[in-house]
Amino acid sequence: MGVAVLALSMAACAGGDAVSGRPDGISITPPTSARSPALGRAKYTALPTCRQVTQRVPGLPPFRSGNEDPSVSDMLTGCEFQRIPDWPRVNLQVSAWRDEKSDASGPAGPGRGALKAREVYDVTSKPGADPADDGAAEDVTVGEKAKWLTPKDRDSCTLIILDVNAVLILDNKPADKPAPRSEECRGPLRELAKSFYDAVQTP
């Protein structure tokens with residue numbers, strides 16, 4: 001009891017807060033990193049077409065089909081490459097969300113695009129997600145963060161990357177059909193991630 005009274009008395013003598021012992025006028029706020037991360041302004045304001053992706057990303061199989069008509073996201077480019085009727089097959093998709101657009105989930109404003117992208121990236125970590133989070137891809141050096149997704153079948157592997165207001169998804173189904181978590185399947189996606197990331201950057 002005497003120790004508690006002494007501590008309160010010392011704080012009072014110092015002209016500070018009797019509870020915290022801090023001097024008047026000084027507020028200790030947790031660093032930003034200890035709370036939810038700050039959401040930056042939208043980085044992606046436009047996306048390349050599949051034709052541009054084909055020109056910018058080397059080593060792809062022949063272009064098969066494309067989808068540039070977004071439904072859930074504000075912008076979308078999805079491209080499929082395959083050596084028909086055989087493999088390999090590669091799917092590349094980038095979705096992005098705009099700051100200046102509002103929807104039922106929230107108003108327009110700075111950070112809106114990044115928030116939407118993070119929601120899409122994070123939903124694959126939730127129980128029951130399809131496909132689910134299959135572990136961080138720490139050796140992927142582009143974007144803010146990346147992770148592997150649970151393989152959809154025994155012959156393919158999938159990588160998802162978050163980068164501010166965009167989500168990139170890469171799917172690889174090699175010709176020799178290796179195990180989906182093997183280096184033979186995931187290694188080419190790591191290399192492809194670099195060139196695909198560069199290809200979707202906007203000026």
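**Disulfide pairing**

Author: With the bonded cysteines of the chain numbered in sequence order, the pairing is 1-2, 3-4. The model is predicted: local features need pLDDT of at least 70, side-chain atom pairs count only at pLDDT 80 or more, and totals for chains, interfaces and linings use all residues. Residues are numbered from 1 along each chain as its sequence is written, and side-chain values use heavy atoms, with hydrogens and water left out.

Reader: What makes C50 and C79 a disulfide?

Author: A disulfide is a pair of cysteine sulfur atoms within 2.5 Å. The S to S distance of C50 and C79 is 2.2 Å, so the two are joined by a disulfide. This pair links distant parts of the chain, 29 residues apart: C50 lies in helix α2 (residues 50-56) and C79 in strand β2 (residues 75-82). Helices (H or I, at least four residues) and strands (E, at least two) are DSSP runs, numbered from the N terminus.

Reader: Why is the disulfide of C50 and C79 called left-handed?

Author: The torsion about its S-S bond is about -100°, so the disulfide of C50 and C79 is left-handed.

Reader: Why does C50 count as buried?

Author: Buried means under 20% relative accessible area (1.4 Å probe, protein chains only). C50 has 2% relative accessibility and therefore counts as buried. C79, with a relative accessible area of 3%, is buried.

Terms used
Buried < 20%, exposed > 50% of the residue type's maximum accessible area, 1.4 Å probe, protein only.
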